[in-house]
Amino acid sequence: MATHVDTHGEYHPPGLQHQFEDMKQQEESVSIGMWMFLVQEIMFFGGLFTVYLVFRSRFPMAFAAGSNHLNVVMGFANTLVLIVSSLTMALTVYYAQKGNRNMQVILIILTMIFGATFLGVKVVEYKEKYDDGLVPVTGLNRKVKASAGEEHGEEPAKPCWEGAHEEHEYINPKGEFQWHDCSLAKKAENEGFLTPTEKIGYYNPASGQIDANKFRDKVRIYFWIYFAMTGLHALHMIVGLILMSWLLYKAWKNTFSAEYYMPVEMSGLYWHFVDIVWIFLFPLLYLLGRHFIAHGG
Amino acid sequence: MADNHSEEHHHEEQHIGIPGYLVVFGILVVGTILTYTVALNDLDSILFHGANTLVALLIAFIKMSCVMLFFMHVRWSPRLVWLSAVGSFFWLAIMFAFTMQDYFTRGSGVFGG
């Protein structure tokens, strides 16, 4: 960096690359580049949000039923964890602009701790889904062998909208997707807001009743979307953590100053973007059917 | 020369300072709590069908705007960054609208027809 002064014989800010006139031009080019990347990320996640929109508009009650099974406390806690990590990231940029090395290092470490906490909670949630037989891929759920004398794969004799709150030990020797509760569809049917599309989707055409298997398949669509969207989001968090590790190394070496801090600013943009995706995922995946069951309904 | 150069563009503060960041953080936390509280109430039957989702998205949109404007410094960014940010949501809206106008007009059935 110091050689710049020698080759040109005039002053150069230490972080300025040769192809740019001055720091202002360089910073604008860098941030436009980053924003172009973020725009394609928005469209990339947008595709998944479109899938969500299409299927939820078709099967709202199946989506509500699946959503109500998620652990809302963990989802809520994770939202707060991400917001705090966004704050520490914003403050990292603030102290990078001030050239304060120690605060940068502390805040990057804090951001990484919150990011890792988020992923840890996500692992616990995924484990719960695995134990409950809610992974939409056959064979990837917890395998539970039939105990002696029991017929395996036997469905309970009661209709699927009764006994919804009973804890029943399911038998799942092949690791299949498990869903036995269609009480929410029954509630919608009783109160008359089941859409014609849902009736075709949930009813057994022969009996004209809600069919447990047909309803299960629609809940399964919800869990496909849940795993795809949160999984992709978690992947972005992992990439963010790798980015933070690199940033930590650079900050440790006291690279950033009031004149050269764009790497911190750009990593911050990425981190905040991932936070924004979660801001939408939390209400859309965890909260969409809460009002049906909140007051014991 | 050296002095002029460095003073040229780090003169104005391009952020809201620590108190400002804490205020934005407070708004985000309140928004999250509000989202959760609202979701427990059946606005669909009090107001109109879909009100719960609409309110949740409205709060999420406000939270997103706060993050973008202040944490991501869009507020102080060049016009081209504004254009990118707004443009991306415009294209997203086109994707949603064109997809849904297809699905909503396919007649009855699981996917119509």
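At roughly what angle do the axes of helix α8 and helix α9 of chain A cross? Before I answer, please note that this is a predicted model, in which local features need pLDDT of at least 70, side-chain atom pairs count only at pLDDT 80 or more, and totals for chains, interfaces and linings use all residues. Residues are numbered from 1 along each chain as its sequence is written, while chains are lettered from A and ligands numbered from 1 in the order in which they are written.

Helix α8 (residues 212-252) and helix α9 (residues 262-286) of chain A have axes that come within 10 Å and cross at roughly 160 degrees, where axes are lines fitted to C-alpha atoms, for helices over the stretch in contact, and angles run from 0 to 180 degrees between N-to-C directions. Helices here are DSSP runs (H or I, at least four residues), numbered from the N terminus. The two helices, α8(A) and α9(A), are therefore roughly antiparallel, a term that is used for angles over 145 degrees.

Let me turn to the core. The largest nonpolar core has 90 residues, and by such a core I mean a set of buried Ala, Val, Leu, Ile, Met, Phe, Trp, Tyr and Cys residues joined through C-beta atoms within 7 Å, buried meaning that 20 or more other C-beta atoms lie within 10 Å of a residue's own, with C-beta atoms placed from the backbone. Its largest share, 16 residues, comes from α9(A). Among the residues with the most contacts inside this core are A:F215 and A:L285. Leaving aside neighbours within four places in sequence, A:F215 is in contact (C-beta atoms within 7 Å) with A:A62, A:C160, A:C182, A:A185, A:Y202 and A:I210.

Finally, the contact between the chains takes 45 residues from chain A and 46 residues from chain B, and on the side of chain A the largest share, 15 residues, comes from α2(A).

Technical notes
Angles under 35 degrees count as roughly parallel, over 145 as roughly antiparallel, 65 to 115 as roughly perpendicular and the rest as oblique. Two residues are in contact if their C-beta atoms, placed from the backbone, lie within 7 Å. A residue is buried if 20 or more other C-beta atoms lie within 10 Å of its own, exposed if 12 or fewer, and partly exposed in between; C-beta atoms are placed from the backbone.
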